[in-house]
Amino acid sequence: MSQSSQHSLAQRALELVATVGFAAYALAFTARLAAEAHATPQALSIAAGLVGGYLIADLLSGLAHWVGDRFFEETTPIIGPGFIAPFRQHHVAPEEMVEHGLVELVGNTAVLALPTLAAAFHLLDLASGAPLTLLAGALILSAMVGGVCTNLFHRWAHMERPPRLARWMQALGVVITPELHAVHHSNGFDSSYCITTGWLNAPMDRLGVWAWLERRLHRAGSRAGQKTR
């Protein structure tokens, strides 16, 4: 077996273990939070954390998507092949991700999210019932689950006939819809970067946040280049 094949198998095994581990922690975390939602202050804290975390997941998906679309190249060392290339290839053949399996879609993100979720699960004293602790726990859980599931939601937005669950969640507006995501693919790939729910796309596009950030980064890069001359 070649070294690249061994690396590929090792990576797939890591992603599978991370996906299973993440799912187990997410379910256990959810059970712990549910057990503490027995009074109004606790329930409100958990609800606020879940909504806030989901918004964070949408924002992070937009940041990752923006960087992947607008910066670096597929040949950039370290991040090029594994991070930049998938975004650029998706523009050319967006339908290809429909054929990807679950672990292929979420495994990489699960590898990154699992340590954070596990640390929060073991370090936060959720059993104390303290509203701020429950708020923090729900925020982390929702952000991590939303982040890991983003590519799954993204795939649903590209499917002609998504699963019934996907259609139900799209109808409720809790995951990115084909209509919302189509804006990104039809506008030169320079807007509507958020792909978890798409809730933040309209305000961020209207305010020109991505264009402003890009201008700032280019100016900062130009200044840094001038100083090194």
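This is a predicted model: local features need pLDDT of at least 70, side-chain atom pairs count only at pLDDT 80 or more; totals for chains, interfaces and linings use all residues.

Residues are numbered from 1 along each chain as its sequence is written, and side-chain values use heavy atoms, leaving out hydrogens and water.

- Helix 6 spans residues 164-172, and its buried residues are Ala166, Met169 and Gln170 (buried means under 20% relative accessible area, exposed over 50%, with a 1.4 Å probe and protein chains only).
- Seen down the helix axis, these buried residues fall within an arc of 100°, so they line one face of helix 6 (the arc is taken from the directions from the axis to the C-beta atoms).
- Turned away from that buried side are the exposed residues Arg164, Trp168, Ala171 and Leu172.

**Helix 6 and its partners**
- The buried residues of helix 6 pack against helix 5 (131-158) and helix 7 (178-186).
- Helix 5 and helix 6 pack at an angle of about 95°, with their axes 11 Å apart.
- From helix 5, Phe153, Trp156 and Ala157 make the contact, and from helix 6, Leu165, Ala166, Met169 and Gln170 (contact means heavy atoms within 4.5 Å).

**A look at His91**
- His91 lies in helix 3 (residues 79-92) and is buried, with a relative accessible area of 18%.
- Leaving aside neighbours within four places in sequence, His91 is in contact with His65, Asp69, His184 and Phe189.

Conventions: Helices (H or I, at least four residues) and strands (E, at least two) are DSSP runs, numbered from the N terminus. Axes are lines fitted to C-alpha atoms, for helices over the stretch in contact, and angles run from 0 to 180 degrees between N-to-C directions.
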